[in-house]
Amino acid sequence: MENKLNLGILYGGRSGEHEVSLMSARSLLSVVNQEKFSIVEIGITRQGKWLVGEDLWIKLKNEQYEGLTPAILPPSPMNPGIYTLQKGQLSLYAALDVIFPVMHGTYGEDGTLQGLLELADIAYVGAGVLGSSVCMDKGLFKNVMLTNNIPTLPFKIFNRTDLQTNLENCVDDAETIGSYPLFTKPANLGSSVGISKCTSRSDLMEGMMQSALYDRRIVVEQGVQNAREIEISVLGNEDPSASIPGEIIPKDIFYTYSEKYINDTAELIIPADLSPDQVSAIQNLAIRAYKATDCAGMARVDFLIDRDSNALYLNEINTIPGFTKISMYPKLWEASGLPYSDLIEALINLALARKTQRDQTEREFRS
């Protein structure tokens, strides 16, 4: 019992994906081996307030915070842990050996949280600051893919101020990407929040403004008229491995937020009906992209296949993918022979190994 690691599970957050984070955290909490880990729950409200206490998940879900205590994670490597803040005084609530951030979207998956955990010198699951930030920004990510000769769909990046200044010019520019359909996306968000499929100029104008509600940078991307949506899971640090691929068949106009988390109408096919050559190509591209963006721990890599030409495009990398028991990331690994509970332990071990690597870096230089 004395050798148990203190595992912080961090969820919620000031993001459009707050609800998704709660769903992922509930699944994670239900299966973590409490004989190996002492669980410390840390919740972040929609407004960004950090809290600890009894019945934290349900109180965060209902946005009723009575009985919870404000908390803070100091950006200091001395006595790393979560501290309570009462009457202006900090006191240690729990020491932390490793944190599993089940945080999707901004302030959780974009490198900001990872920077705090680096400053606090705490091991954590998932990609570091660089990998998180590059993969989170869809525009920057696509430019990295192009540099590494990894196929991705044509796109352009626009700023919110551009749209506010001259929306018509932005729409004109976006239409030069290619023929409809075009997709508009917030550059820094996931779970299909703020994404629109546009089949006309009026759709495009509305979609660009909708995406700009969720981020100051938006991406307009060429769509594939007759696309297959393929996803694959990657696990590891310096020597990652890829799962078998799966296919999503949406019943909506694309794989929307509602289909993912509310209606549950999309069909998930595992394994995807692909030739051995297609599977090999997808796995190789996923690992190449994972390494090119300095990912670590885990990522779900999403692809599109044009049914008419069989052309393959890498769409995006999610460094903290949905982690419910029915989410694609754990389902693909389970189908590849790694059960959900074992996957969690593998990710924690990868986080500790990554921390060991960081600790080998010399922090001082004196002439």
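Student: Why does Glu63 count as partly exposed?

Tutor: Relative accessible area decides it: buried means under 20%, exposed means over 50%, and partly exposed is what falls in between, with a 1.4 Å probe and protein chains only. Glu63 has 40% relative accessibility, so it counts as partly exposed. Before we go on, this is a predicted model, in which local features need pLDDT of at least 70 and side-chain atom pairs count only at pLDDT 80 or more, while totals for chains, interfaces and linings use all residues. Residues are numbered from 1 along each chain as its sequence is written, and side-chain values use heavy atoms, leaving out hydrogens and water.

Student: What makes the phi of Glu63 worth a look?

Tutor: Its phi is near 55°, a positive value in a residue other than glycine. Most residues other than glycine have a negative phi, and most peptide bonds are trans. Glu63 sits in the loop between α2 and β4 (69-72). Helices (H or I, at least four residues) and strands (E, at least two) are DSSP runs, numbered from the N terminus.

Student: Asp55 has a positive phi as well; is it buried or exposed?

Tutor: Exposed, because its relative accessible area is 51%. Its phi is about 55° although it is not a glycine, and it is found in the loop between β3 (50-52) and α2 (56-62).

Student: How do you know that the peptide bond from Tyr180 to Pro181 is cis?

Tutor: Its omega is near 10°. Pro181 belongs to the loop between α7 and β10. The bond from Ile270 to Pro271 is cis too, with omega near -5°, and Pro271 lies in the loop between β16 (267-269) and α10 (276-292).

Student: What is the strand order of the open sheet with four strands?

Tutor: The order is β9-β12-β10-β11, with antiparallel pairing. β9 (155-159) and β11 (196-198) each have a single partner strand, so they stand at the edges with one side left without a neighbour in the sheet. From one strand to the next, the twist averages 25°.

Student: How do you know that β10 and β11 pair?

Tutor: Two strands pair if DSSP finds at least two bridges between them. Strand β10 (residues 182-186) and β11 have three bridges, in the antiparallel sense.

Student: Which strands does helix α8 touch?

Tutor: α8 (residues 201-212) packs on the sheet and touches β9, β10, β11 and β12, where contact means heavy atoms within 4.5 Å. Its direction makes about 15° with that of β10. Axes here are lines fitted to C-alpha atoms, for helices over the stretch in contact, and angles run from 0 to 180 degrees between N-to-C directions. Helix α5 (residues 138-147) lies across β9, β10 and β12 (217-222), at about 145° to β9.

Student: How do you know that the buried residues of α8 line one face?

Tutor: Start with the residues: Leu204, Gly207, Met208, Ser211 and Ala212 are buried. Seen down the helix axis, the buried residues of α8 fall within an arc of 130°, so they line one face. That arc is taken from the directions from the helix axis to the C-beta atoms. On the other side of α8, Ser202 and Glu206 are exposed.

Student: Why is Thr84 called buried?

Tutor: Its relative accessibility is 8%, so Thr84 counts as buried. Thr84 lies in strand β5 (residues 81-86). Leaving aside residues up to four places away in sequence, its contacts include Val52, Pro70, Leu90 and Tyr93.

Student: What makes a set of residues a nonpolar core?

Tutor: The members are buried Ala, Val, Leu, Ile, Met, Phe, Trp, Tyr and Cys residues joined through side-chain atoms within 4.5 Å. In the largest such core, of 32 residues, Tyr11, Leu28, Phe100, Phe323 and Leu347 touch the most other members. Helix α12 (340-359) is one of the elements giving two or more residues to this core, and its seven residues are the largest share. Apart from this core lies another of 25 residues, among them Ile150, Ile232, Ala272 and Leu314.
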